[in-house]
Amino acid sequence: MRSNDLQRTAPLGGLTVLELGHSVAAPYAGLILAELGARVIKVENPATGDYARGWGPPFLGDDATVFHALNRSKESVTLDFSDPAQKAALTRLILDSDAVIQNLRPGLLEKFGIEADALRREKPGLIWCDIGAFGKSGPLASKPGYDPLAQASSGIMSITGEADRAPVRVGVSLVDMGAGMWTVIGLLAALCERGATGTGARVSTSLFETGLAWMTIPLAAHAVSGEVRKPQGSGLAEIVPYQAFEASDGWVMIAAGNDKLFARLCEAIPGLAEVGRDPRFARNRERVLLRDELVPRIAAAIRALSASVLGATLDAAQVPNCPLLRIDQVWAHPQTQAVGILTEGAGHQWVGLPITLDDARPTAGGAAPALGAHNASLLQDHE
């Protein structure tokens, strides 16, 4: 690694961020910033700490692996906002920071007299980031929320799973983590603006708005056509075939994303030559309309092949495909190892940031803090 690569792995070095966060959204934003080199100070309730500390098993030491995965390389300080001295310490920590990230329930900070606008007047360069549940205004603005509520209310769950089956949420905290990402994007934009003007900003996002952003394409389709989309299982409403198919010994995802790829698929798979010659299936726009006729024919041909043979056949035909992998298979997969996304911290491997800068992956390489681990140093600094 070149000497300047070591510096590029910490592009936010010198930036101090105070995280008034719990669960997933704000902690994930804090994790991104910490991995990029910022100093992230996590403020926690002295009685309970971040709720995610108890979200297990599995546990690593006293805390759930969820907490470790989202809070590496941070410092932890515990403060009771109802105590005047500790509230004063919080105010000093805020004013000593470049930015604040908070996802506490609506009105909680104001209840204790912690006003973002007042703090920004005292420190004009402060960047204050709010992550809410349903947004700052509207009939649901005061309603608390978690990722599944946002998936439900934004329409994500209505197009996830299979038609005429019970609702299914996306299996990861897609909205929470997305809100964290939008927060970082907004914070970095505000940081650029502050570099030019010296003035910070108030950045706001919510789980609901993040869910709507993930729904950009289905909502646009509804706006244009009035269509109310149904779940497509592993498939996609706009493209056919673009879904998982069951081979004789496993599942394979096939993404024939254009007409040429569909023709190659039909040429490569025994029993599909006639389908490939059928003019009704030549263009994707017709294949989408004829999905219920076409997909079973493709599925029947594929079911006769093993997953390995199917994959090799499609690779030779240059048709995009991959097997469906379990978590253990993903972890051990040579491609996972090759891209170098697994980072070290506290003697364990974790999933790092999905970006590299000049071929170096940003990582602070630290561990998640014990509850209040930095009280002595941080609070002593503010006595």
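Let's start at a helix pair: Leu174, Val175, Asp176, Gly178, Ala179 and Trp182 in H8 are in contact with Leu207, Thr210, Gly211, Ala213 and Trp214 in H9. Sorted by class, this contact between H8 and H9 holds 7 nonpolar, 3 polar and 1 charged residues. Keep in mind that you're looking at a predicted model.

How do the two helices sit against each other? Two packed helices are described by the angle between their axes and the distance between the axes. For H8 and helix H9 (residues 207-214), the angle is about 100 degrees and the axes are 9 Å apart. Angles of 65 to 115 degrees count as roughly perpendicular, so H8 is roughly perpendicular to H9.

H8 also takes us into the core. The largest nonpolar core has 33 residues, and Val17, Leu33, Ala38, Ile101, Ile127 and Leu187 are the ones with the most contacts inside it. Helix H8 (174-197) gives two or more residues to this core, as do helix H2 (25-35), strand E6 (99-102) and strand E7 (127-132). H2 gives the most, with 8 residues.

For a closer look, pick Leu187. Leaving aside residues up to four places away in sequence, Leu187 touches Leu15, Leu33, Ala99, Ile101, Ile127, Cys129 and Val203. There's also a second, separate core of 24 residues, with Ala247, Phe262, Leu265 and Ala299 among them.

Now zoom out to the whole chain.

Conventions:
Residues are numbered from 1 along each chain as its sequence is written. This is a predicted model: local features need pLDDT of at least 70, side-chain atom pairs count only at pLDDT 80 or more; totals for chains, interfaces and linings use all residues. Side-chain values use heavy atoms; hydrogens and water are left out. A nonpolar core is a set of buried Ala, Val, Leu, Ile, Met, Phe, Trp, Tyr and Cys residues joined through side-chain atoms within 4.5 Å. Buried means under 20% relative accessible area, exposed over 50%, partly exposed in between (1.4 Å probe, protein chains only). Helices (H or I, at least four residues) and strands (E, at least two) are DSSP runs, numbered from the N terminus. Contact means heavy atoms within 4.5 Å. Axes are lines fitted to C-alpha atoms, for helices over the stretch in contact, and angles run from 0 to 180 degrees between N-to-C directions. Angles under 35 degrees count as roughly parallel, over 145 as roughly antiparallel, 65 to 115 as roughly perpendicular and the rest as oblique. Ala, Val, Leu, Ile, Met, Phe, Trp, Tyr, Cys and Pro count as nonpolar, Asp, Glu, Lys and Arg as charged, and the others, Gly among them, as polar.
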